Amino acid sequence: MIIDLFIFYSYIILCSISVFGHGIIFNKLFLNSKSSNPGLIGLFGFFLLFAISLFFHFFINLNQYINTIILIIGLIIGLKNINFFRNIKNYNYFFIFFIIIFLLSSITSKTYADYEWYHLPYVNYLKDFKIIFGLVNFSNNYNYGHGWLDVMGLFTLPLIETKGLTSLPIIFYFYFIIFFIHELFNSKNLAIILYSLFTITLTLVVFNRLKDFGADIQPTFAVFIFIFFILKYIFEETNDKFLKYIVIFFFYSCILRIGSVVSLPLFLFFLFFNMKKFYEDILKNNFKIYFFLFLFFIMFLTKNFITSGCLFYPIPFTCFDNQIISWASPKENTYERYEFLSAISKRWKFYSIEEGELDNKYEYYEKLENQIIMSPKEFNEDQFFWIKYFFHDHDYKRIINFFIFALIFFSTSYFYLRKNTNSTKYKKSNYINYFIISLLISIVFWFINSPQMRYGGYPLFGALTYLIAVLRFKDNDVLKDKFILFRNFFLIIGIIYFGYKNINNSINDFSNNIFTNFPWANVSEKVEGIDFFSKNFDGIKVNFIIKNEDVDARSPKMCGKVPMPCLPSGREVCISKLTVKNNYIFVSNTNKKCLEQFKKNYWQH
């Protein structure tokens, strides 16, 4: 067990240093910034690795040896720049405290919900194949555009293989927290200090279980930082250097998950008021980074086009017909997928269960066919009918908990910290009201399109409540001696709560012998002939997951560790032809029965 723990923690620590090293490379190549924030450098490391993953996968599979070379390069650079962490002297005790808690919290027996469903299979696809034309025809899930999965693909290594992938989000989380810790302890601006402390404690309380860290947390955190740099620009006014960071983190959040586009009104607002400065920044000051972002965007679109026939799958108007692009997803399938995803974000699941009197969400099809319940398309067309089912989803509890926390935080800060004199004012932009208006527009955009807190809701509502609260400090300075106690109290409470939720679960799982491969998370084993069967398509072996009679017949059939290509049984009607050209696989789908199969199995795909 001691050796296993040593290997586990060595993997996390060495990967963290390698990510930091790639952040150093990114900073020197494209930014030449003198930033002393190690959290920012770490987040840039993941950003560069994302670009590296996309680029190489066009030409080769991301096997363990290629990954090892890439990560060793980052590791060497990271170790050579380890003295960068001398900049943490203001908060070194908290830095060490966070490292200990995060390392202890990284052990969990459970993988997050989608891991074996399509995250691990996608990583196996990256590992064993170079980019596949028409990957979408194997499964819609493989084309959601979760950029985090492409990042994960670089961390499969010899001996470790894919065992450590579920611990990677905590490295991203750690750099995110350190980014705000650094700003909290080094900023001189009250508005920035309060936003940093609020964001740290909010995320520690809300995102408190590692087993829930899928591919949604990273884009959410990127939106938090995108908003942070807008606030930094507003409240510190003269710092034009933040322009590029605003563009980077808006772009970062959108390519990690296209749903982050709900913050587009904020970005357009800022662009509108700073058009001339942006123009000068692009042409004169930071041409290299904007050119890199342009190339990154082209790679991102190209990858989506190759795998699905869409620039942004499954947004229909960005898609090409498979009569023109042979490997593209059929237009009618794409439309159906789009309507379904939109409907479930608006609580179609709860509507179908209640109106159809279903025992579970998987039994919908008979009621749908008999027109007892509306189809996802009909449900979406009924405008705000879905609000009736909003409170059926536990997501509303997240909203309530969020506002309770925000109320406690800001009421405590206002009544505990402020002086009774109106001695000092901090600077704020004259157009901050326009910022609030654009934030409200973003929230409306979010509410209409994807009203779930994990799809951008937390940072948008967080920024709104923060602005409303912090403006009350405009005529007040804070009592500095009280602020230190206030700051440390919330930090310690937040990290202890986070640690307790994770460490306690791990101890219970260990005590109850839940782990099958301690300290790595459990991943189910599947046996050929029992859990899956193989079929030859034009010389290519394809694996199909068999229905498990012990669970609901329509519950998702998960590929887990089964080699790719892997898809649920029944989905073979969506594969009309497999061909190989120049060592690239092309998957075509012209079978009309595929759409029918999809309608009967919404929750599978």
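**Close-up views of a predicted model**

**View 1. Lys-130 and Tyr-584: a charge over a ring.** The charged end of Lys-130 sits over the ring of Tyr-584, 4.1 Å from the ring centre. A charge sits over a ring if NZ of Lys or CZ of Arg is within 6 Å of the ring centre and within 35 degrees of the ring normal. Lys-244 lies over the face of Tyr-245, at 4.9 Å from the ring centre. This is a predicted model: local features need pLDDT of at least 70, side-chain atom pairs count only at pLDDT 80 or more, and totals for chains, interfaces and linings use all residues. Residues are numbered from 1 along each chain as its sequence is written, and side-chain values use heavy atoms, with hydrogens and water left out.

**View 2. Lys-110 and Asp-509: a salt bridge.** A salt bridge is a side-chain nitrogen of Lys or Arg within 4 Å of a carboxyl oxygen of Asp or Glu. The structure holds nine of them. In one, Lys-110 pairs with Asp-509, with the closest N and O atoms 3.2 Å apart. This pair links distant parts of the chain, 399 residues apart. Lys-110 is in the loop between helix H4 (92–105) and helix H5 (115–128), while Asp-509 is in helix H21 (residues 480–511). Helices (H or I, at least four residues) and strands (E, at least two) are DSSP runs, numbered from the N terminus. How exposed is Lys-110? Its relative accessibility is 37%, so Lys-110 counts as partly exposed. Asp-509 is buried, at 9%. Buried means under 20% relative accessible area, exposed means over 50%, and partly exposed lies in between (1.4 Å probe, protein chains only).

**View 3. Lys-303 and Asp-150: a salt bridge between two helices.** The side chains of Lys-303 and Asp-150 meet at 3.2 Å, N to O. This pair also joins distant parts of the chain: Lys-303 is in helix H13 (residues 287–308) and Asp-150 in helix H6 (residues 147–152), 153 residues apart. Are these two residues buried or exposed? Lys-303 is buried, at 9% relative accessibility. Asp-150 is buried too, with a relative accessible area of 3%.

**View 4. Glu-525 and Lys-561: a salt bridge between two loops.** The closest N and O atoms of Glu-525 and Lys-561 are 2.5 Å apart. Glu-525 lies in the loop between H21 and strand E1 (532–537). Lys-561 lies in the loop between strand E2 (540–545) and strand E3 (566–568). The pair therefore ties together parts that are 36 residues apart in sequence. Glu-525 is exposed, at 60% relative accessibility. Lys-561 is partly exposed, with a relative accessible area of 38%.

**View 5. E1, E2 and E3: an open sheet.** Three strands form an open sheet in the order E1-E2-E3, with mixed pairing. E1 and E3 stand at the edges, each with a single partner strand, so one side of each has no neighbour in the sheet. Neighbouring strands are turned by 35 degrees against each other on average, direction ignored. Here, axes are lines fitted to C-alpha atoms, for helices over the stretch in contact, and angles run from 0 to 180 degrees between N-to-C directions. Strands of a sheet pair through backbone hydrogen bonds, either parallel or antiparallel.

View 6. In which sense do E1 and E2 pair? The sense is antiparallel, over six bridges. Two strands pair if DSSP finds at least two bridges between them. Ser-534 has Asn-543 in E2 as its bridge partner. For Phe-532, the bridge partner in E2 is Ile-545.

View 7. A search of the whole structure finds 104 aromatic pairs. Phe-98 and Phe-102 form a tilted one, 6.0 Å centre to centre, with 55 degrees between the planes. Rings of Phe, Tyr and Trp (its six-membered ring) pair if their centres lie within 6.5 Å; planes under 30 degrees apart count as stacked, over 60 as edge-to-face and the rest as tilted. Both residues lie in helix H4, four residues apart, about one turn of the helix. Phe-98 is buried at 0% relative accessibility. Phe-102 is buried at 4%.

**View 8. Phe-403 and Phe-461: an edge-to-face pair.** The ring centres of Phe-403 and Phe-461 are 5.7 Å apart, with 80 degrees between the planes. Phe-403 is in helix H18 (residues 395–417) and Phe-461 in helix H20 (residues 457–470), 58 residues apart. Phe-403 is partly exposed, at 34%. Phe-461 is buried, at 13%. In H20, 13 of the 14 residues are buried, so this helix is largely enclosed by the rest of the structure.
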